[in-house]
Amino acid sequence: MSARWSRFGAWALLAAGLLGWEFLARAMKLSALVLPPPSAVLVTLWQGLSSGYLWPHIGQTVLELLLGLTAGCALGLASGVLLGESAALRRLLMPYVVTSQVVPKLALAPLFIVWFGFGMTSTVVITALICFFPLMENTMTGIAQVDARRLELFRMLGATRWQTLLRLKIPSGLPGILAGFRVAVVLALVGAVVGEFIGGSQGLGALIIASQGMMDTPLMFAVLVLITLLGLGLYQLAISLEKRLLESRMTTLQKEIEK
């Protein structure tokens, strides 16, 4: 099956699902409080966007997501490089790193609120901690599992440890590192929304809690649609970045081979 037909099938399945949902909601005369039809959700979404009501919440969530993603990825990449380069450090610290990750961040959220207060800071910290581990793990694994023959070649050529890291280990582990980044991007959105559930006064997560309190189910579904679209858009951006970096790496390798 071609890519065009696959995309068509995916859109057709989505349309069929929405039409079925609309038909059942109207045929069974379900209350909008229980399950609003897609048309009601779309109207609510359009009204929220056109009136400007939703934009500050979208901006807040995007800002927290970007700050948390940047901090978490920077820390994850640096930690992955350090642990991948040092087996002794990896044996010493990995049990603590894993232990820190198995504790649910939602359980730590009250502590973050005590330490950092309500608002953006707590949400950014939760987001950073959630998206830290995938990139750290993939970076560490990619750097530690370089082809031994290529590593020996660099040693024979007299390359320094820094040169080996920059010219061999990171480029060789780039596919795995970027795969970790893709996972981190998705988890960053989860972290931002969860953080807003607990301590946010603004943002899409806080708006879901507010709509629940107002018993405005169409608004809740509209916000969920926005979160879904935002997540899909960020994931596609991560895939585009991954393709560009991998293509650049292949071009560099071809030039080195030609030399």
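Me: A disulfide is defined here as a pair of cysteine sulfur atoms within 2.5 Å. How many disulfides does the structure hold?

Reply: This is a predicted model, in which local features need pLDDT of at least 70 and side-chain atom pairs count only at pLDDT 80 or more, while totals for chains, interfaces and linings use all residues. Residues are numbered from 1 along each chain as its sequence is written, and side-chain values use heavy atoms, with hydrogens and water left out. The closest cysteine sulfur to that of Cys73 belongs to Cys131 and is too far away for a bond. The number of disulfides in the structure is zero.

Me: Which residues have the most contacts inside the largest nonpolar core?

Reply: A nonpolar core is a set of buried Ala, Val, Leu, Ile, Met, Phe, Trp, Tyr and Cys residues joined through side-chain atoms within 4.5 Å. The largest such core has 28 residues, and those with the most contacts inside it are Leu54, Leu69, Phe181, Val223 and Ile227.

Me: With which residues is Leu69 in contact, leaving aside its neighbours within four places in sequence?

Reply: Contact means heavy atoms within 4.5 Å. Leu69 is among the residues with the most contacts inside the largest nonpolar core. With neighbours within four places in sequence set aside, its partners are Thr127, Cys131, Phe181, Ala184, Val185 and Ala188.

Me: How far apart in space are Gly68 and Ala192, C-alpha to C-alpha?

Reply: Gly68 lies in helix H3 and is buried, at 0% relative accessibility. Not counting residues up to four places away in sequence, Gly68 touches Val124, Thr127, Ala128 and Cys131. Gly68 and Ala192 are 124 residues apart in sequence, yet their C-alpha separation in space is 7.8 Å.

Me: Is Thr123 buried or exposed?

Reply: Thr123 lies in helix H6. Beyond residues up to four places away in sequence, Thr123 touches Glu64, Gly191, Ala192, Gly195 and Glu196. Because its relative accessibility is 1%, Thr123 counts as buried.

Me: Is Lys169 buried or exposed?

Reply: Lys169 is found in helix H8 (residues 161-172). Leaving aside neighbours within four places in sequence, Lys169 is in contact with Glu85, Gly142, Ile143, Val146, Leu151 and Thr164. Since the relative accessibility of Lys169 is 12%, the residue counts as buried.

Me: How much space lies in the largest pocket?

Reply: On a 1 Å grid over the protein atoms alone, a pocket is an open set of points with protein on both sides within 12 Å along at least five of seven lines, and lining residues have an atom within 4 Å of a point. Grid points are joined across faces, edges and corners, and a volume is the space filled by probe spheres set on the points. For the largest pocket the space is about 560 Å³.

Me: Which helix supplies the largest share of the lining of the largest pocket?

Reply: The pocket is lined by 14 residues, of which Trp11, Leu14, Leu18, Val225 and Leu229 lie nearest its centre. By class, the lining has 11 nonpolar, one polar and two charged residues, where Ala, Val, Leu, Ile, Met, Phe, Trp, Tyr, Cys and Pro count as nonpolar, Asp, Glu, Lys and Arg as charged, and the others, Gly among them, as polar. At least two lining residues come from each of H1 (3-27), H2 (38-51) and H11 (217-258). The largest share, seven residues, comes from H1.

Me: What is the phi of Met215?

Reply: Met215 is placed in the loop between H10 and H11 and is exposed, with a relative accessible area of 56%. Most residues other than glycine have a negative phi. Met215 is not a glycine, but its phi is positive, at about 55 degrees.

Notes: On a 1 Å grid over the protein atoms alone, a cavity is a set of points where a 1.4 Å probe fits but cannot get out, and a pocket is an open set with protein on both sides within 12 Å along at least five of seven lines; lining residues have an atom within 4 Å of a point. Helices (H or I, at least four residues) and strands (E, at least two) are DSSP runs, numbered from the N terminus. Buried means under 20% relative accessible area, exposed over 50%, partly exposed in between (1.4 Å probe, protein chains only).
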